[in-house]
Amino acid sequence: SSGINAEYGVHTFIKYMFVIEANYHKTNPYHNAVHGADVMQACHVLLGYPVVEQVFTDLEVFAALFACAIHDVDHPGLSNQFLSTTSNELAILYNDHAVLENHHLATAFKFLQEDELNWANEMPDKQKGLLRKMVIDLVLATDMSKHLSLMADIKTTVESSKVAHNGKLVLESYNERMLVLQGIVHSCDISSATKSLPIYRAWTEKIIEEFFQQGDRERELGLPISPMCDRCNPSIEKSQVGFIDFIVLPLWETLGELMFPFCQEMLNQLNENRNYYFNRIPESPRCSISDPPSEQERNNLSAVSEKRKNSRGKIAELDEKMSDLSSIEEESFASDST
């Protein structure tokens, strides 16, 4: 129904997807094929909810799932900012604009130029062109620098959206449907925080390690270390709380309002995960996020606290002595004057 020929296209499509999987970097702790599959699965779940059933065309659904699958292919495990700062060839090629997102798209569509992988070969040109346009728009929407503007557009759509008497969301124009699909794909890309706590913690470990590896390279190159990338000065718990408060939660709340009540379970889990990390924000940074502070760490913190208390006491005593000395000098000066 998406336009893939049943006899030729499906077999070729499977072969193509194996190539996509192979071109995700296994050495990346986070941006690897498992992440691509995880995002696609999350999108499949959201698009299966009754409220959006029959809202999107088959081609639009296929475009969203395909975009999720390829959205980070050949990711180098480095940020757009790092690539631009170091004048990486990809940053030069794409003029510092959505460098990685453009690269993922170009990589995926480049494989379609090979005859043995071109599953879209027998699609009508108009349909093929529309699919390409949709996939490009959807993957570019995963660029975090577009987050705020995308959020604003989705909020406007939510305010004007309607739900029919049968409980189905009504999106009357192609632009409205694409905007909601962009929101869904973007939400799925950052959906790890909506998963059960053990899964979320596992994904957090992976993304933090990938950040740290970038920070290691920045240190070697003598560059300023990017936020959250310094393994010697981590702020993991705080960064997760901030990421949820300012990025994930507002987007998922907007999506939840649009697809009410089907995202409520994710929102509840999101708040639980947020509280988990909030309650573990340490008095001083630690390099481990798996466990609460150890007994030794607590003892060290107590010792530091005690030293500070003693220091404050000594400073207070010194201030008192200096005050007394000043009083004596003033009295002496007064008596001399008389």
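**Close-up views of a predicted model**

View 1. α2 (33–47) and α12 (264–278) each supply at least two residues of its lining. Helices here are DSSP runs of H or I with at least four residues, numbered from the N terminus. The model is predicted: local features need pLDDT of at least 70, side-chain atom pairs count only at pLDDT 80 or more, and totals for chains, interfaces and linings use all residues. Residues are numbered from 1 along each chain as its sequence is written, and side-chain values use heavy atoms, without hydrogens and water. α2 gives the most to this lining, with 4 residues. Among the lining residues are Gln41, Tyr49, Lys195, Trp252 and Glu265. The pocket has a volume of about 210 Å³. A pocket is an open set of points on a 1 Å grid over the protein atoms alone, where a 1.4 Å probe fits, with protein on both sides within 12 Å along at least five of seven lines; lining residues have an atom within 4 Å of a point. A volume is the space filled by probe spheres set on the points, which are joined across faces, edges and corners.

**View 2. The largest pocket is lined by 41 residues.** Its space is about 1,100 Å³. α4 (80–85), α6 (99–111), α10 (197–221) and α11 (236–258) each give two or more residues to the lining. The largest share, 7 residues, comes from α10. His31, Ser79, Met144, Ile207 and Phe211 lie nearest the pocket centre.

**View 3. Val10, Ile14 and Phe18 make a nonpolar surface patch.** The patch covers about 290 Å². Such a patch joins nonpolar side chains (Val, Leu, Ile, Met, Phe, Trp, Tyr) within 5 Å, from residues with over 30% relative accessible area and no salt bridge. A salt bridge is a side-chain nitrogen of Lys or Arg within 4 Å of a carboxyl oxygen of Asp or Glu. Accessible areas come from the Shrake-Rupley method with a 1.4 Å probe; for residues, only the protein chains shown count as cover. Valine 10 lies in helix α1 (residues 9–22).

View 4. Aspartate 74 is partly exposed, at 23%.

**View 5. Phenylalanine 260 and proline 261 are joined by a cis peptide bond.** Omega is about 5°. Proline 261 is in the loop between α11 and α12.

Conventions
Patch = residues over 30% accessible without salt bridge, like charges linked within 9 Å, V, L, I, M, F, W, Y side chains within 5 Å. Buried < 20%, exposed > 50% of the residue type's maximum accessible area, 1.4 Å probe, protein only.
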